[in-house]
Each structure stands twice: as C-alpha cells, then as structure tokens.
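Please walk me through this structure.

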Amino acid sequence: MVLNIPYSVKTPHGIKEAAEICLKCGVCCVIEGYSCPAQYDAQFKPTQTYVYDCLGHEEPSGNKNIWQCVSCHKCEEMCPYEVSPVDFIEAMKEQALQGGHAPQSIIGELMQVITTGYAFPITPNTTRQRERLGLEPVKLNHELGIIAEKTGLLELLNSLKEAQD
Amino acid sequence: MRYSFFKGCFIPIRQPHIEKLAHKILPELGVELDTVTGFTCCPEPMGVSLPHKFTGTVISARNLAIAEEKDNDIITLCNGCTYTLKQVNLQLKQDTELRDKVNEVLAETDHQFKGTIKVRHFAKVLSEDIGLEIIRGKVEKPLKGLKVASHTGCHILSPPEVMEFDDPLNPVRLDGMIKALGAEPLDYSYKTQCCGWTLSNFGDRASANRLLGDKLRGMYDAGADSVNVICPQCLAQLDTGQMMAGRALKLDFKLPALFYVQYLALAMGYSLEEVGYGSHRVKDSGFEAKIGGILA
C-alpha cells in the first residue's frame, strides 16, 4: 500500500507543511551498494525496508530507528519519484528532541558541544598524543553556552534532564 | 593562497597526527594555513545540527563570522564540517530574514555573519585551487605500482548542488588525485557505500560490520593495497572499524586506510613513520613492503 505521509517541519520562518508519498518500490533500500546503509540492520527486509519503517511508523518521532539515518541522501538520489525520506527523518529528529524521545547519546553530545565547544570528549589520550606531536592543547570554548541559552536549547536540555531525574 | 584552517573536532581530538601533517605538507603546495582562535565544532551534523537546527545554524554562523573577520576562505579536513558549514553559508547568504534572526543571537557573542567567504574542503582546494599539475610537480617518489581504493564519503557528495564536489553515484575526483601521485586508482563494488560510522554509533554494531565487510571485500577483490579517505570519521571507521569488522567477520586480509594528505606526503618522500602510519590500527606488511620499495 502506498505510504502518504503529511508532516510539519519547524523552520526559522514558522511551521511548514510537507508530505512524502512513497509508492514502496524499494529502490532506496534494496539496490545493494548504492542505497541506504541503515538497511544493513537485520530487522529490515526487502519487504519491510528501513525507509518504510521510518515513513510508516505510528509515532515516527518516537521511533528510535530514525537515529540510524546518516543523512547520506542516497534515498533521495535513488528515488525514481523524487520522494525525500531524508527530509522527513530529519524533521522527526528535531521533533524527537522536543518531545523527549532523543537518545541519551544525542543529549550528551549537545551538552558536550555547548559546554566545551567540541562534539567529542577530550581525553587524557588526546592530551598525551598532542604533547607527543608538539601540538598545543585543545582550547575549550564557552561562547556556545551563551548561544544555546538565547536559542532555548539550554532550557530544553535542562528540562529533559529534570524529567529524567 | 591563504585560508583559515578549520580543524574541526575529530582531528584535533582523535587524529592529531593528521593535523600535524596537514600543517607541514599543505604549505609546501602553496596552501597557507592561518591558525584561527575561537573556532568551535562546526557543529557535527548528525548529533547537533539536526536535533536543534536553529542552534546548529547559529553555531555554524559564528564559525563563518570568525573566518570573515580574518577575510580568508575556510579550509576544512572533514566531510562533516564541510557539509555543515557550506549548507549554512549558502542558506544565510540567500535568506536575509534568517540571517537577521541568527545575527540577533550572534550579537551576544560580538560576531555578525555577513556572507563574504567560501568554505572549501582541502581535496577541492588541492584539486582545483592548486591543481593536479602542481601536485604532480611535487612528487619526488611516484607511488608506482600501489593500487588504491578511494572512499569519498557521503557528506562531501550530497546534496550535490550544495557540495559541488563530485557525482554522488559515480565519484572520480579522488581517483584523479591518487593518479597524480603515480598510484593506480581502483573502481570497486560498494564504492559509493557509506563508511558506516553512524550505523556503528546509533545502530547495531553487527550491521555496521557487515556493511564494512562488503565494502572492504569490494576493494580487496579489485586488487587494492590500501584505502584512501578524506574525512576523519571515514578514517576511524576504515581503520579502527576495519579492525573490529575484521575480527567479527574473520576477514583474511588487511587494507591500511590512509588520509589523502598521508599519500601526498609519501609521494613527496616522507616515510611511513613521518606520516603517522604508526598510530593506525590496521597495518599490512605487503603494503609496507610496497611503500618501502617506492621510497628506497
């Protein structure tokens, strides 16, 4: 059955209404070597692909599988009907964070970036390797915290943390 | 040509030998790297830009604004950084209403986005701004007989109208760059397949191993001695990831993965030790012997 998915995207200019209409031909996921990397997960089959799972989920922003999407855009490039599953999945990721469905690893990474300026933790190994190579230490930056406070991200992360505690 | 050097997160934190080598090698080709204080994470596209797009846009705009203050284009060493920064740069240049909103937040940090610079991946700088002719002229030790499978990666290719790097379904730019060093570029099955970084981090490790196994097998069957990458996450995946996939799938071969700058340095006469090969997980005596013969 055709998947007809209307959805809303939050844009800087307000809420935009969009839709993806998927005929379920499967090209985005079953052309080996050219299509979706997430299809490698054993839970997906040629008859129930990664893209059908994301588009057809009852509560798409609560579907943890959306986080397997790498935004490689292969689905969009392979689709013969110009459907863009990646746009839908990306919109669901934003909704997931707002709705408290984002995985801890995402919340942790957001916190890490706004408090240190870097997405990856600076470990003793980092310091050691840089010293050995004669490179200056990685400098932390705290300006992103100011940005996150102003955009509302900091408040959102704190409320998600409180809800979790 | 002078550029503001955008190191990103992953290279300075996990692969500083690439940062060190880029600093040493790129100026020899006429690419002057300006060290800029104040740059932060681009931010990382999957974990940071997407879940809260507006914050991601402002963080990118801040980085772009800092480069504008220096009046140099940005040079990156990472597909992800290029993907994030190029998209935001284009969006803010076109959408003045969004730019105003972003600048209102940026004012708090004393920066303003104006839209005066470009974002360049180092592979594009080398192959276009500098040109393959200059690269060929710098080759002291042609990598003759070395068969190299290049993995371009996802985020430098798509969306092609923004990234302007190569054909996403048939990428060949890196093959030309490898050929310029005297090595033999290879076509192989799964050439456009993702490295599996996100799948291994947010999905199931066994699936990521299978993906990588298919890709590596495609390279090996085509006759590859080694792999060429231009992105730090792809390097981590094809190096450390290959070690783990190799164990899980009991692969009977090893394909050392090197960053293009490392191949460039080898062709300029640097040793494996000098290019930081020692810090890689996947090493192969056949590859080392070939390089030994070339450098002898």
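Start with chain A, which is divided into two domains: domain 1 covers 3-98 and domain 2 covers 104-164. Between the centres of domain 1 and domain 2 of chain A, taken over C-alpha atoms, the separation is 29 Å. Keep in mind that this is a predicted model.

Now turn to the open spaces. The largest pocket has a volume of about 1,100 Å³. Its lining counts 39 residues, and A:Glu90, B:Leu50, B:Lys53, B:Gln87 and B:Gln91 are the closest to its centre. By class, the lining of the largest pocket holds 16 nonpolar, 13 polar and ten charged residues.

Next comes the second largest pocket, with about 510 Å³ of space. Here 23 residues form the lining. Nearest the centre of this pocket lie B:Arg14, B:Gln15, B:Ala236, B:Thr240 and B:Arg281. Helix H6 (124-132) of chain A gives two or more residues to the lining, and so do helix H1 (10-14), helix H10 (197-202) and helix H12 (232-249) of chain B. The largest share, seven residues, belongs to H12(B). The lining of the second largest pocket divides into six nonpolar, 13 polar and four charged residues.

The largest cavity has a volume of about 300 Å³. It is lined by 25 residues. Those nearest its centre are B:Gly80, B:His155, B:Trp197, B:Cys231 and B:Gln233. H3, H5, H10 and H12 of chain B each contribute two or more residues to this lining. H5(B) provides the largest share, three residues. Sorted by class, the lining of the largest cavity has 16 nonpolar, eight polar and one charged residues.

Where does the largest cavity lie relative to domain 1 and domain 2 of chain B? Domain 1 (2-121) and domain 2 (140-295) of chain B both give residues to its lining, so the largest cavity lies between them.

Notes: Residues are numbered from 1 along each chain as its sequence is written. Chains are lettered from A and ligands numbered from 1 in the order in which they are written. This is a predicted model: local features need pLDDT of at least 70, side-chain atom pairs count only at pLDDT 80 or more; totals for chains, interfaces and linings use all residues. Side-chain values use heavy atoms; hydrogens and water are left out. On a 1 Å grid over the protein atoms alone, a cavity is a set of points where a 1.4 Å probe fits but cannot get out, and a pocket is an open set with protein on both sides within 12 Å along at least five of seven lines; lining residues have an atom within 4 Å of a point. Grid points are joined across faces, edges and corners, and a volume is the space filled by probe spheres set on the points. Ala, Val, Leu, Ile, Met, Phe, Trp, Tyr, Cys and Pro count as nonpolar, Asp, Glu, Lys and Arg as charged, and the others, Gly among them, as polar. Helices (H or I, at least four residues) and strands (E, at least two) are DSSP runs, numbered from the N terminus. Domain bounds come from an automatic or database domain assignment.
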